[in-house]
Amino acid sequence: MSTLTDKKVLFVITKSNWGGAQSYVYTLAKLAHEQGADVAVAFGGTGKRGADGGLLAQRLAGIGIRAVPVASFARDISIAQELRAFRELLAIIRRERPDILHLSSSKAGGIGAFAGRIARVKRIVFTVHGWAHRESRGIFARMLIRLSSWATVLLSHSVIAVSDCDRMTAPALFLRHRISVVHLGIAPFALLPRVKARQELIRKAPTLSETVPWLVMPTELHANKGIDIAIAALAKLSNTYPDDALVVLGEGEEREALLRQARELGVQDRVFMLGFIPDARQYLSAADIFLMPSRKEGLPLALLEAGHASLPVVASNVGGIPEIIGHEKNGLLTAPNDSDALAGSVARLLKNPEEARAFGTALQRTVSEQFSEEEMLTKTFALY
């Protein structure tokens, strides 16, 4: 008999637009539901306060899991807004009366842990997908965020760090014993044949050539993801590789700024932002090289998906990325914010296709052997 049978579990996440954290919550909720738990997921919309629910809401409905909107949740921060979100979430927790409250994302963690303690929830678990104080912010803002993060650890019974980096950089004075590392994991998934994947994506961008090298980034259009670094690198490759294309699968607030940058650098005809695409991972077979020039990461699920697809990867040496990519073993690592290094690494893989294939094969082996979904679920549910 499952240890989750007859348990009531409430998952909480700030936003519902699909990304690594939302995929994580969906997977845990689905498996908890299948093991006999009474499961509900509370979440905000796709960004601003009162925004509509995203793909997470649709997918939960498809498997019969209750969705609980939190209208006051938003990415941006203001005292009045956070107070509204706290009151709303406290009311939800009191109404749901969960045995286990599992929080993901910084805002949901801070507000949810405080509300959970007031509501006397028996078990509060918080998963950190990269600490917010590692983002580029002013010193005063970082100090406040570190204090808030420490309070989240204090108020949680257990904290899951998805990478060793997250555990080591946790603001957890006197509380480090509460933090456990549980790497993300994935189950095998189907990939479209390469030609079909390219043809379907070209329908969204008819000027995208099927015959040129594709540098692919499935990601939210956010400053943390370093898409501007990829655009700058693309421009620096223009003399030696004038035809390669940067293909971005995702949406976000940086779209106009990134398109403007592409125009200013003269590569607007080689940058293709295809918008949000459901099940984007099935199109990874269309890529020649997978790029992840992030400024901040926890342990990126998209990188595990690239490994499953046996793609050669160039990624920045930040967060949990080096826990997946060994430089010159199963991919190439560069310093963050270094478009010269990114361009050089891409050129190296384009010039040496056999080496690129060898990196992709090695990464596929790493992911299949070390990052299984089953192990992630076993370790996570053990903390319940």
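User: Which helix gives the largest share of the lining of the second largest pocket?

Analyst: In this predicted model, the second largest pocket holds about 300 Å³ of space. Of the 18 residues that line this pocket, the closest to its centre are Ala287, Asp288, Pro312, Ala356 and Arg357. The elements that give two or more residues to the lining are helix H11 (339–351) and helix H12 (353–370), and the largest share, four residues, comes from H12.

User: How many nonpolar residues does the lining of the second largest pocket have?

Analyst: Sorted by class, the lining of the second largest pocket includes three polar residues and three charged residues. The nonpolar residues in that lining number 12.

User: Why do the buried residues of helix H13 line one face of the helix, and how wide is the arc within which they fall?

Analyst: In helix H13, which covers residues 373–382, the buried residues are Met376, Leu377, Thr380 and Phe381. Seen down the axis of H13, these buried residues line one face of the helix because the arc within which they fall is one of 115 degrees.

User: Which residues are exposed on the other side of H13, and which elements do the buried residues of H13 pack against?

Analyst: On the other side of H13, the exposed residues are Glu374, Thr378 and Ala382. The buried residues of H13, by contrast, pack against helix H1 (20–34), strand S4 (100–104) and strand S6 (158–161).

User: Is Thr380 buried or exposed, and what is its relative accessible area?

Analyst: Thr380 lies in helix H13. Leaving aside its neighbours within four places in sequence, Thr380 is in contact with Tyr24, Leu28, His102, Ile160 and Val182. Buried means under 20% relative accessible area, and Thr380 is buried, with a value of 0%.

User: Where is Asp244 found, and what is its relative accessible area?

Analyst: Asp244 is found in the loop between helix H8 (227–236) and strand S9 (245–249). Although this residue sits in a loop, Asp244 is buried, with a relative accessible area of 1%.

User: With the side chain of which residue does the side chain of Asp244 make a polar contact?

Analyst: Leaving aside its neighbours within four places in sequence, Asp244 is in contact with several residues, among them Pro213, Leu215, Leu234, Leu237 and Leu350. The polar contact of the Asp244 side chain, at 2.6 Å, is with the side chain of Arg270.

User: How far apart in space are Asp244 and Thr211, C-alpha to C-alpha?

Analyst: Along the sequence, Asp244 and Thr211 are 33 residues apart. In space, the distance between Asp244 and Thr211, taken from C-alpha to C-alpha, is 9.4 Å.

Notes
Residues are numbered from 1 along each chain as its sequence is written. This is a predicted model: local features need pLDDT of at least 70, side-chain atom pairs count only at pLDDT 80 or more; totals for chains, interfaces and linings use all residues. Side-chain values use heavy atoms; hydrogens and water are left out. Buried means under 20% relative accessible area, exposed over 50%, partly exposed in between (1.4 Å probe, protein chains only). The arc is that of the directions from the helix axis to the C-beta atoms. Contact means heavy atoms within 4.5 Å. On a 1 Å grid over the protein atoms alone, a cavity is a set of points where a 1.4 Å probe fits but cannot get out, and a pocket is an open set with protein on both sides within 12 Å along at least five of seven lines; lining residues have an atom within 4 Å of a point. Grid points are joined across faces, edges and corners, and a volume is the space filled by probe spheres set on the points. Ala, Val, Leu, Ile, Met, Phe, Trp, Tyr, Cys and Pro count as nonpolar, Asp, Glu, Lys and Arg as charged, and the others, Gly among them, as polar. A polar contact is a pair of N or O atoms within 3.5 Å; within protein, one must be able to donate a hydrogen and the other to accept it, and residues adjacent in sequence count only if both atoms are side-chain atoms.
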